[in-house]
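Here are my notes on this one, written to be read with the viewer open. Have a look at the fold before you start on the points.

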Amino acid sequence: MKKIFFYLFIIIFIFLGCMKSNDILKKEILLPIKMNNKWGYINTTGDLIIEYKFEEARTFSDSPEYAAVKINGKWGYINKKGKFKIKPQFEMAWWFSDGLASVEKNNSYIIINERGKEIAHNNLW
């Protein structure tokens, strides 16, 4: 348990150090944390905000504020309330940047927008 809090402290320290002070005041920061082989999200005071229910979880992106999570073997995107904004349907999913994200679906790399609409794709095989 001490290890978890140590790593959590390091993650928070790094995360906060990378942000501007004005951004910290405006945004709620949620961090992925694992317990009993499931991932959930806590805030900077350690309160559980999103239940431990995901197989894997990534940090939240800035634009839009979505996080990629894996549930039932598929990746999708949730908002900071834990609601799916893009349903789980991908074999892999990465972070959003400037409103776009890269995902893998049916052996293709796909660029999607924040609504999950395909913008471009590239077949892997």
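1. How much accessible surface does the protein chain have, and what share of it belongs to carbon and sulfur atoms? It comes to about 8300 Å², with 54% on carbon and sulfur (areas are from the Shrake-Rupley method with a 1.4 Å probe, and for residues only the protein chains shown count as cover).

2. Some housekeeping. This is a predicted model, where local features need pLDDT of at least 70 and side-chain atom pairs count only at pLDDT 80 or more, while totals for chains, interfaces and linings use all residues. Residues are numbered from 1 along each chain as its sequence is written, and side-chain values use heavy atoms, with hydrogens and water left out.

3. Overall layout: the protein chain has two helices and 11 strands (DSSP runs numbered from the N terminus, H or I of at least four residues for helices and E of at least two for strands). Along the sequence the pattern reads α-α-β-β-β-β-β-β-β-β-β-β-β. Of the 125 residues, 35% are buried (buried is under 20% relative accessible area, exposed over 50%, partly exposed in between, with a 1.4 Å probe and protein chains only). Among contacts with a separation of 6 or more, 22% link residues 24 or more positions apart (a contact is heavy atoms within 4.5 Å).

4. Strand 1 (residues 30-35) and strand 2 (residues 38-43) are joined by six bridges; Leu-31 faces Ile-42, and Met-35 faces Lys-38. Two residues separate these strands, and Asn-36 in the turn has a positive phi of about 55°. Strand 2 then pairs with strand 3 (residues 48-54) over three bridges, with Trp-39 opposite Phe-54. Here four residues lie between the strands, and Gly-46 in the turn has a positive phi of about 90°.

5. The other sheet to check is open too, with four strands in the order 4-5-6-7 and antiparallel pairing. Its edge strands are strand 4 (56-60) and strand 7 (84-90), each pairing on one side only. The twist here averages 20° from one strand to the next. Three bridges join strand 6 (residues 74-78) to strand 7, and Tyr-77 stands opposite Ile-86.

6. Is Phe-96 buried or exposed? Phe-96 counts as buried, because its relative accessibility is 5%. Phe-96 belongs to strand 8 (residues 92-97). Leaving aside residues up to four places away in sequence, Phe-96 touches several others, including Tyr-77, Ile-86, Ala-101 and Ile-112.

7. Finally, the surface. Leu-100, Ile-111 and Ile-119 make up a nonpolar patch with about 230 Å² of accessible area together. Ile-111 lies in strand 10 (residues 108-113) and is partly exposed, at 31% relative accessible area. Patch residues have over 30% relative accessible area and no salt bridge, with like charges joined within 9 Å and nonpolar side chains (Val, Leu, Ile, Met, Phe, Trp, Tyr) within 5 Å; a salt bridge is a side-chain nitrogen of Lys or Arg within 4 Å of a carboxyl oxygen of Asp or Glu.

Conventions
Pairing = 2+ DSSP bridges. Axes fitted to C-alpha atoms, helices over the stretch in contact; angles between N-to-C directions.
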